[in-house]
Amino acid sequence: MIPRTLSGALIAGLVAGLLAAALNLWTLTPLILQAEVFEGATLHVHDDGVEHLHEAPPPPGAAQAGSRSLGTVATTLVAYLGFGLVLGAGMAAAARWGHEPTARTGLLWGLAGFAAVQLAPAVGLPPELPGLASADLGARQMWWALCVAATATGLAALAFGRSLPFLVLGAALVLLPHALGAPQPASHEGLVPPGLAALFATRSLGVAALSWAVLGALTGALAERSPARRTA
């Protein structure tokens, strides 16, 4: 059953990755292009004492935009293929303990993956547009990795734990990264309008939630309908 679950997870990862890439290009890329205009702009104080925004040069041409779009599609596909393999491996391991995968349980797995990989880290480090002030990249990456690992482990303990200590441990792990605190910049000032940044963060999480839901439900459905399981 494990090979079939993983092969189904790859198919689900491909479908979810294509969906996420299409949604990224449709809903997020226009916001990134807007933010890059502000990122390259400068503020100057004129003789009237008022700050004036000097816009950056025009955006790149069609060839460069096409190359960027292909890069977005490629990286998104690779990411969701990896997510699918991790999700499939988790479902296969759970199946050995009697938790058979279905489309419904797969949906729950997908939402848990979204919570661990995107939602929980976004509490401390929301998705950012170019031009926003941010803390040191290395520190952010370390906190993100800690948050993902702790949240995933905590959710597993909450879902599969059969005693109070496991439930307490799970809740503690989920809260741990936020108790430590995500690295923050010295100042949150920037040229990107706050409304644009908020819209980008909201859309990013919405795209991720939908893509993870499709990934989990499809992985569970394909595992449920595999010939090995139907003949079991």
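User: What should I know before starting?

Analyst: The model is predicted, so local features need pLDDT of at least 70 and side-chain atom pairs pLDDT 80 or more, while totals for chains, interfaces and linings use all residues. Residues are numbered from 1 along each chain as its sequence is written, and side-chain values use heavy atoms, without hydrogens and water.

User: How are two packed helices described, and at what angle do α4 and α5 pack?

Analyst: Two packed helices are described by the angle between their axes and the distance between the axes. Here α4 (residues 137-160) and α5 (residues 164-180) pack at about 160°, with axes 7 Å apart. Axes are lines fitted to C-alpha atoms, over the stretch in contact for helices; angles run from 0 to 180 degrees between N-to-C directions. Helices are DSSP runs (H or I, at least four residues), numbered from the N terminus. α4 and α5 are therefore roughly antiparallel (angles over 145 degrees). Their crossing is left-handed (the near helix is turned anticlockwise from the far one by less than a right angle; right-handed if clockwise).

User: Which residues of α4 and α5 meet?

Analyst: Contact means heavy atoms within 4.5 Å. On the α4 side they include W143, L146 and C147; on the α5 side, F166, L167 and G170 are among them. By class, this contact has 14 nonpolar, five polar and no charged residues. Ala, Val, Leu, Ile, Met, Phe, Trp, Tyr, Cys and Pro count as nonpolar, Asp, Glu, Lys and Arg as charged, and the others, Gly among them, as polar.

User: At what angle do α3 and α6 cross?

Analyst: Roughly 150°, with the axes coming within 6 Å. α3 and α6 are therefore also roughly antiparallel. The crossing of α3 and α6 is right-handed. Contact residues include G106, G110 and G113 of α3 and W212, G216 and G220 of α6.

User: What is a pocket, and how much space lies in the largest one?

Analyst: On a 1 Å grid over the protein atoms alone, a pocket is an open set of points where a 1.4 Å probe fits, with protein on both sides within 12 Å along at least five of seven lines; lining residues have an atom within 4 Å of a point. About 1,000 Å³ lies in the largest pocket. A volume is the space filled by probe spheres set on the points, which are joined across faces, edges and corners. Of its 31 lining residues, Q118, P127, E128, W144 and S204 lie nearest the centre. α2 gives the most to this lining, with seven residues.

Key:
Parallel < 35°, antiparallel > 145°, perpendicular 65-115°, else oblique.
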